[in-house]
Amino acid sequence: MDLRKELVLFARLAWDRRLTESTGGNMSVRNGDHFVITPTTMVKHFLTEEDLVEVDLNGRKVSGRREPSSEYRMHLKIYRECEDVVSVFHAHPVYATTIAVQQKKFPVNVLPETALMLAPITYLPYRMPGTDDFAEVFDEGLKLGSRTFVLRNHGVTVGGSSIEEAYAKLETLEFLAQITLLSGAKPGYLEIPSEDVEKFLRKIRGSKE
């Protein structure tokens, strides 16, 4: 499937699944030395391929009738630092954002699937969205290998090796947030023992080699 068409499909899906709200959130996909991103101030349910904006890795708009998301610097930062990341989804899902506002941490080992898809999770301090400061706080987590970020008093950001993977991480993180809030789980409480998690991860990763 064409990357633009696929990005529109999954961006709409994120909105329709209530993983973001109103005009909130932004999604992108890398395309060579450029990336294509959703425009600023647009309800994603109505997104079309013509609304997407192309930006180069110097942050310059290349094409598009609209303006890129004001948070394009975050996407730019991730693509510059991580060759393995092909797509970035930033959104404000209700349960995950609730945990971000509460400044709590996710019990990522509460389910084997969440341990596989989301760990390690990096927790970022609040910075004004759309600024260089906001983009720069991702630096340390990216270098440590994190592709899942919880943004204090803001929302969440995930990076994936494909558009589908980035979307799946976003939905999985919101599912984990729901399980966390409903069960009362927290790091070290109601989680799968670390040795069992490691055994599961070795099995899954070994089967892919």
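This is a predicted model: local features need pLDDT of at least 70, side-chain atom pairs count only at pLDDT 80 or more; totals for chains, interfaces and linings use all residues.
The volume of the largest pocket is about 330 Å³. Its lining is formed by 16 residues, of which Leu116, Met117, Glu165, Lys169 and Arg205 are the closest to the pocket centre. Two or more lining residues are contributed by each of helix H4 (112–118), strand E8 (155–160) and helix H7. The largest share, 3 residues, is that of H4.

The second largest pocket holds about 170 Å³ of space. A total of 15 residues line the second largest pocket, and those closest to its centre are Thr23, Gly25, Asn26, Ser70 and Glu71. By class, 2 nonpolar, 11 polar and 2 charged residues are found in this second lining.

Aromatic contacts were examined next. A pair of aromatic rings is described by the distance of the centres and the angle of the planes. Rings were paired if their centres lie within 6.5 Å, with planes under 30 degrees apart counted as stacked, over 60 as edge-to-face and the rest as tilted. The count by this rule is 5 aromatic pairs. One of them joins Phe10 and Tyr167, whose ring centres are 5.5 Å apart; the planes stand at 50 degrees, so the pair is classed as tilted. Phe10 belongs to helix H1 (residues 3–16) and Tyr167 to helix H7 (residues 163–183), so this pair ties together parts that are 157 residues apart in sequence. Phe10 and Tyr167 are both buried.

A further pair is made by Phe35 and Tyr79, with 5.3 Å between the ring centres and 45 degrees between the planes, so that this pair is also tilted. Phe35 is located in strand E2 (residues 34–37) and Tyr79 in helix H2 (residues 72–81); the pair therefore ties together parts that are 44 residues apart in sequence. Phe35 is buried, as is Tyr79.

Phe10 and Tyr167 also belong to one aromatic cluster, which they form with Phe89.

Terms used
Residues are numbered from 1 along each chain as its sequence is written. Side-chain values use heavy atoms; hydrogens and water are left out. Rings of Phe, Tyr and Trp (its six-membered ring) pair if their centres lie within 6.5 Å; planes under 30 degrees apart count as stacked, over 60 as edge-to-face and the rest as tilted. Helices (H or I, at least four residues) and strands (E, at least two) are DSSP runs, numbered from the N terminus. Buried means under 20% relative accessible area, exposed over 50%, partly exposed in between (1.4 Å probe, protein chains only). On a 1 Å grid over the protein atoms alone, a cavity is a set of points where a 1.4 Å probe fits but cannot get out, and a pocket is an open set with protein on both sides within 12 Å along at least five of seven lines; lining residues have an atom within 4 Å of a point. Grid points are joined across faces, edges and corners, and a volume is the space filled by probe spheres set on the points. Ala, Val, Leu, Ile, Met, Phe, Trp, Tyr, Cys and Pro count as nonpolar, Asp, Glu, Lys and Arg as charged, and the others, Gly among them, as polar.
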